[in-house]
Amino acid sequence: MTKLVALFLLMAFARTVSSQTNETLAYYVGDSILKIMPGYPQIVDSVNTLNQQRHNAVNQMDSAISSKRVKLRIDSASLSPEIYAIRKKEIQTEDSSLFAYITNAGLKDYKAVELLVSPLKKQIDDAAQIVAKAQGYSVAYEKKAAFKMNKKNASKYTLVDITALVIAELKIPAPVNTK
């Protein structure tokens with residue numbers, strides 16, 4: 001009987017301790033802050049210009065390949081089968097090159113954006129950590145990471161949004177709500 005009572009008391013103590021381990025996670029909405037950071041509009045403009053240049057280059061290459069395809073169709077009756085096959089293979093190679101260019105350009109654009117935006121993201125994270133410490137939290141997380149951690153740990157955390165405090169720490173005007 002005493003073992004049963006001891007087990008019951010131990011389980012009650014464990015339940016009390018586990019209910020007291022509810023931690024608070026401070027989070028911030030980095031994307032919202034990023035969009036109002038000084039310098040961000042210029043980055044967006046640079047990326048848009050780069051995208052337009054790549055788009056124009058792709059259109060020119062595609063137009064040139066299309067012209068070759070049309071010419072091959074027109075000339076097909078007068079070409080020997082060997083010459084026709086060679087020209088068709090050249091067009092297929094150019095198509096593959098165009099696809100590779102488009103794929104690589106997209107990857108380069110992504111890397112360029114990350115390179116341009118990373119100093120701003122670091123400023124945001126540094127400010128978030130300062131705010132978190134000042135508010136008594138050990139660390140601040142980007143919203144996506146905080147919510148993912150909370151879900152992974154069976155919602156054991158209390159989540160606190162410190163986005164407005166981070167904006168104030170960065171000394172940038174708060175976004176205007178257009179709803």
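Student: At what angle do helix α4 and helix α6 pack?
Tutor: In this predicted model, α4 (residues 81-134) and α6 (residues 163-170) pack at about 110°, with axes 9 Å apart. Axes are lines fitted to C-alpha atoms over the stretch in contact, and angles run from 0 to 180 degrees between N-to-C directions. Helices are DSSP runs of H or I with at least four residues, strands are E runs of at least two, and both are numbered from the N terminus.

Student: Which residues of α4 and α6 meet?
Tutor: From α4, Gln123, Ile124, Ala127, Ala128, Ile130 and Val131 meet Leu165, Val166, Glu169 and Leu170 of α6. Contact means heavy atoms within 4.5 Å.

Student: New topic. Which residues touch the most other members in the largest nonpolar core?
Tutor: Tyr28, Ile33, Met37, Ile124, Ala140, Ile162 and Val166, out of 21 residues. Such a core is a set of buried Ala, Val, Leu, Ile, Met, Phe, Trp, Tyr and Cys residues joined through side-chain atoms within 4.5 Å, where buried means under 20% relative accessible area with a 1.4 Å probe, protein chains only.

Student: Which element gives this core its largest share?
Tutor: α4, with seven residues.

Student: And what is Val166 in contact with?
Tutor: Tyr28, Ile33, Ile124, Ala127, Ala128 and Val131, leaving aside neighbours within four places in sequence.

Student: What does the second core include?
Tutor: This separate core has six residues, among them Val58, Ile65, Leu72 and Leu98.

Student: How are residues numbered, and what counts?
Tutor: Numbering starts from 1 along each chain as its sequence is written, and side-chain values use heavy atoms, without hydrogens and water. Local features need pLDDT of at least 70 and side-chain atom pairs 80 or more, while totals for chains, interfaces and linings use all residues.

Technical notes: Buried means under 20% relative accessible area, exposed over 50%, partly exposed in between (1.4 Å probe, protein chains only).
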